[in-house]
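Hi,

Here is the structure we talked about. Please have a look at it before reading on.

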Amino acid sequence: MLQRIRVAALAVALGAGALVMAPSAATAAADPVITRVGISPNSPIDVTNGAVTATFSFATKGADKAELQLKPPGDVSVGKPVDLTSTKDGDWTKWTGTRSFDSTNAGTWSWLAVAAGASRGGTFEVSVKKVLDTKIVDFDASPDSVDKGDLIKVTGQLLADGKGYGGQSVAITFRERGTDAYRHVAKVTTGGNGWFSATVRADETGWWRAEFAGTSAAKGSVSDTDRVDVSRGVLGSRIAGFDARPEPVDKGDRLTFSGALLVQDRGGVAGERVSIFFKADGSSRWEYVTSDVTGRGGRFWASAPAQTSGWWRAEYEGTRGVRGSVSDADWVKVNQPAPPPAASKADTRLIKFNAYPEPVKRGKYLKFKGRLQVFDEGSWEGYSGKVALFFKPAGSKKWQYVKTTWSNDGGGLYTKVKGWNSGRWRFVFGGDDDTYGATSGSDYVRVKR
């Protein structure tokens with residue numbers, strides 16, 4: 001019995017000892033203290049007139065580190081930390097951080113201050129008190145005329161209530177000629193005075209403009225349009241399928257030349273002049289022979305008598321916006337027929353040759369007349385024969401074959417060709433089995449441009 005009393009007394013003594021020691025645990029470090037976060041300017045933060053930088057500050061006691069998190073309106077994720085600076089004042093530490101707000105941030109924000117496991121939270125407002133009227137002025141796209149693929153510069157100024165409105169996003173849009181809708185091309189941000197500029201590529205003729213979509217603080221607006229004309233630049237050309245035929249050919253027989261003029265992005269082009277040139281075997285010089293104007297599909301056709309073996313080709317000089325081109329060369333062998341046996345022949349002459357009108361406008365018809373006669377039994381009489389028309393351009397020393405015609409039974413000659421260059425003209429009769437050849441006098445005709 002006595003023993004049980006002693007054990008109970010010891011248990012009571014130990015319990016009492018434990019109660020005596022408890023106050024020493026209260027001397028451990030107290031929980032950290034966090035003050036409410038102060039915001040300057042005060043909530044609501046007014047961003048009606050543009051971006052505002054707010055300063056956040058709070059103090060902690062019993063914490064060496066702290067964090068401030070801000071959460072946008074409607075955001076349920078973890079807040080984004082704000083960079084903080086600290087200042088020590090005895091047992092307290094002051095923490096300060098900043099963040100900029102604009103009209104796109106309007107609404108109720110949350111803040112949360114955290115230090116050594118303790119936290120404190122609250123909210124503040126970012127507000128727009130008045131929606132601004134905006135206008136885009138002095139919009140310009142330049143230069144006004146460029147080649148396809150060139151760069152142009154678009155500029156303008158965004159105003160809000162008559163003042164430059166900086167830090168805003170402006171879209172550059174374009175409507176191609178022949179379409180109704182504008183498409184987005186680029187996006188720029190206005191400077192502090194509302195001015196903006198962008199460099200864009202012009203591929204088609206059309207209208208450019210700037211568009212401000214607006215924000216919760218400002219109404220949207222659209223600039224006037226500015227047209228830029230785009231040309232395709234210089235296009236390439238080529239002569240396809242050039243052919244000189246027949247081959248071989250007898251001397252004096254006619255060759256025909258054909259092919260097609262093709263222009264980049266346009267295909268065959270009508271109404272363009274293609275010239276035929278010849279280079280004799282052993283020569284290094286190409287000489288003009290004849291020409292033709294392209295028809296449907298860019299096709300051309302011309303002819304000329306064969307005199308000697310050599311190379312033929314077609315050439316296109318080009319025109320405004322289109323480069324010239326030269327065809328592949330085509331070689332033609334000309335057979336020289338054996339001369340006919342000598343025979344007694346009669347003399348001939350070409351008289352009364354006349355080329356008219358004079359002067360003549362370029363591309364208009366020139367007319368030619370004359371008379372072919374043969375000396376028969378003591379007198380000159382009209383003669384029917386094959387007569388060639390030749391031309392020598394002004395400044396040239398070489399006569400060029402143009403075409404062949406026939407005199408009637410009375411020897412009368414008449415033909416016509418289009419005049420392209422000033423120069424001298426004449427008829428040439430090459431003779432035949434019964435007669436010698438003859439050449440008319442020449443007649444100069446001036447061609448007006």
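Below are notes on the aromatic rings and then the pockets.

This is a predicted model, so local features need pLDDT of at least 70 and side-chain atom pairs count only at pLDDT 80 or more, while totals for chains, interfaces and linings use all residues. Residues are numbered from 1 along each chain as its sequence is written, and side-chain values use heavy atoms, with hydrogens and water left out.

Aromatic rings

The structure holds 18 aromatic pairs. Rings of Phe, Tyr and Trp (its six-membered ring) pair if their centres lie within 6.5 Å; planes under 30 degrees apart are stacked, over 60 edge-to-face, the rest tilted.

Phenylalanine 101 and phenylalanine 124 are edge-to-face, at 5.8 Å centre to centre and 75° between the planes. The pair links distant parts of the chain: strand E8 (residues 92-101) holds phenylalanine 101, and strand E10 (residues 118-127) holds phenylalanine 124, 23 residues apart. Strands (E, at least two residues) are DSSP runs, numbered from the N terminus. Both phenylalanine 101 and phenylalanine 124 are buried, meaning under 20% relative accessible area with a 1.4 Å probe, protein chains only.

Phenylalanine 242 and phenylalanine 257 are stacked, because their ring centres are 6.5 Å apart and their planes at 5°. Phenylalanine 242 counts as buried at 13% relative accessibility. Phenylalanine 257 is buried at 0%.

Phe353, Phe368, Phe391, Trp425 and Phe427 form one aromatic cluster.

Arginine 209 lies over tyrosine 182, at 3.8 Å from the ring centre. Arginine 313 lies over tryptophan 286, at 4.1 Å.

Pockets

A pocket is an open set of points on a 1 Å grid where a 1.4 Å probe fits, with protein on both sides within 12 Å along at least five of seven lines; lining residues have an atom within 4 Å of a point.

The largest pocket has 35 lining residues, with Arg273, Tyr288, Thr290, Ser291 and Trp420 nearest its centre. E26 gives the largest share of that lining, six residues.

The second largest pocket is lined by 31 residues. Nearest its centre are Gly252, Pro305, Gln307, Phe390 and Tyr401. E26, E27, E36, E37 and strand E39 (423-429) each give two or more residues to its lining.

Best wishes

Terms used. Helices (H or I, at least four residues) and strands (E, at least two) are DSSP runs, numbered from the N terminus. Buried means under 20% relative accessible area, exposed over 50%, partly exposed in between (1.4 Å probe, protein chains only). A charge sits over a ring if NZ of Lys or CZ of Arg is within 6 Å of the ring centre and within 35 degrees of the ring normal.
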